[in-house]
Amino acid sequence: MRIIHAKNYDDMSRKAANIISAQVILKPDSVLGLATGTTPIGAYQQLIAWHQKGDVSFAEVSTYNLDEYRGLKHDEPQSYHYFMNEQFFSSIDIKPAHTHVPDGSNPDAEAACAEYDRLVEAAGYPDLQLLGIGNNGHIGFNEPDSVFSKGTHCVDLTESTIEANSRLFNSPDEVPRQAYTMGVQTIMQARSILVIASGSNKAQAVFDMCKGPVTPACPASILQLHPHAIVVADEDALSLF
Ligand code: F6R
């Protein structure tokens, strides 16, 4: 794993945006795997700014997001569909039909997940997969477990993830209890992986991901086995190194 030190959140965001824009400039029809959450917002803002200056175009890019809450419609403000449109897609020149997020509005978990796997496979898997990391080492919604997950599947969210994500809802009770997520095996199919992390609350997870044993107890640790995994993290997130 290649670890790139950033000074702070803004520096992490610019470095991540540089890597993503280089990917798109070198291969305009790149397949990007994307993440939601707080961490990537700065990188998306930077990419939007460069797009508006005319430095990078997403006209031929297609995207596949990691995950979506089960039971939320696409236009509900807490859904990841909505988040991606608000934070990124509506401000760049990507074709809406080229953007993909698991269909949380489909109550048939098996059908929704199988359809998403089919789409990601047909696209040839991401050239570059952007990932955040949970405080407990989760990637996507793949929580600590006794085995690594494979394809897209429906998960029960842990109390710690519900608590961490409740900041975007009126109360923890409103946070959906389940989500559809790409599996660890699917994530590992990406040709390159970019993990971003900021803040001292991520320090233990970042340390375990990079230096701990490869174990499903820390799902992100499997990235040690990926041939092209880059971590861009700020000083606080790297404070245990
Ligand atoms: C989001 C996702 C999650 C987040 C992780 C970190 O699509 O898959 O794994 O990346 O929970 O979230 P933030 O960035 O909010 O700390």
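Seven strands form an open sheet in the order E1-E10-E9-E6-E2-E3-E5, and their pairing is parallel. Its edge strands, E1 (2–6) and E5 (99–100), each pair on one side only. Strands here are DSSP runs (E, at least two residues) numbered from the N terminus, and two of them pair if DSSP finds at least two bridges between them. Strand E3 (residues 62–65) runs parallel to E5, joined by two bridges. Across from His100 in E5 stands Tyr64.

A word on the source: this is a predicted model, where local features need pLDDT of at least 70, side-chain atom pairs count only at pLDDT 80 or more, and totals for chains, interfaces and linings use all residues. Residues are numbered from 1 along each chain as its sequence is written, and side-chain values use heavy atoms, with hydrogens and water left out.

The table gives polar contacts, pairs of N or O atoms within 3.5 Å.

| Residue | Protein atom | Distance to a ligand oxygen atom |
|---|---|---|
| Thr36 | side-chain N or O | 2.8 Å |
| Gly140 | backbone N or O | 2.7 Å |
| Lys202 | polar side-chain atom | 2.6 Å |

On its own, the ligand has 410 Å² of accessible area, and the protein covers 91% of this (Shrake-Rupley method, 1.4 Å probe).

Technical notes. Helices (H or I, at least four residues) and strands (E, at least two) are DSSP runs, numbered from the N terminus. A polar contact is a pair of N or O atoms within 3.5 Å; within protein, one must be able to donate a hydrogen and the other to accept it, and residues adjacent in sequence count only if both atoms are side-chain atoms.
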